[in-house]
Amino acid sequence: MVTAIVLVTTESERVQEAAQAIIDIEGVTEAYSVTGPYDLAVMVRIEDFEKLADIVPGKIAQVPGVARTETMVAFRCYSNYDLDRLWSLGFEEEAS
């Protein structure tokens, strides 16, 4: 599974419109409105890395209101769930 975070800058006052259109694109799982230099952080999860070339420049960048995109591909996923499992490996509660 390939996970990419696409940072999106939109034309002024078109954040919601762009987010609604982007979330309907196959492979897009979430779109967050964010603070800072970008307007949206979009999560893309796909089986094949090659599809990323179709999704980002071919679909997300073509959504009306999208001015610019920047894509980051994730190497690893860290989460509280994974860390809890990691720290609990090999430890068992003692019976009273």
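User: In this predicted model, which residues is valine 44 in contact with, leaving aside its neighbours within four places in sequence?

Analyst: Valine 44 belongs to the residues with the most contacts inside the largest nonpolar core. With neighbours within four places in sequence left aside, the contacts of valine 44 are Val2, Thr3, Ala4, Val6, Gly27, Val28, Leu52, Ile55 and Ile60.

User: Which elements give two or more residues to the largest nonpolar core?

Analyst: The largest nonpolar core has 19 residues, and Ile22, Val42, Val44 and Ile60 have the most contacts inside it. The elements that give two or more residues to this core are strand 1, helix 1 (15-23), strand 3 (40-46) and helix 2 (51-55).

User: Is threonine 3 buried or exposed?

Analyst: Threonine 3 is found in strand 1, residues 2-10. Beyond four places away in sequence, threonine 3 touches Met43, Val44, Arg45, Met72, Val73 and Ala74. The relative accessibility of threonine 3 is 18%. Because the cut-off for burial is under 20%, threonine 3 counts as buried.

User: How is glutamate 30 classed, with a relative accessible area of 25%?

Analyst: Glutamate 30 is found in strand 2, residues 28-33. Its relative accessible area is 25%, whereas buried means under 20% and exposed over 50%. Glutamate 30 is therefore partly exposed.

User: What is the length of the polar contact that joins the side chains of glutamate 30 and arginine 45?

Analyst: Not counting residues up to four places away in sequence, glutamate 30 touches Ile23, Ala41, Val42, Met43 and Arg45. The C-alpha atoms of glutamate 30 and methionine 43, 13 residues apart along the chain, are separated by 5.2 Å. With arginine 45, glutamate 30 forms a side-chain polar contact of 2.7 Å.

Terms used. Residues are numbered from 1 along each chain as its sequence is written. This is a predicted model: local features need pLDDT of at least 70, side-chain atom pairs count only at pLDDT 80 or more; totals for chains, interfaces and linings use all residues. Side-chain values use heavy atoms; hydrogens and water are left out. Helices (H or I, at least four residues) and strands (E, at least two) are DSSP runs, numbered from the N terminus. Buried means under 20% relative accessible area, exposed over 50%, partly exposed in between (1.4 Å probe, protein chains only). Contact means heavy atoms within 4.5 Å. A nonpolar core is a set of buried Ala, Val, Leu, Ile, Met, Phe, Trp, Tyr and Cys residues joined through side-chain atoms within 4.5 Å. A polar contact is a pair of N or O atoms within 3.5 Å; within protein, one must be able to donate a hydrogen and the other to accept it, and residues adjacent in sequence count only if both atoms are side-chain atoms.
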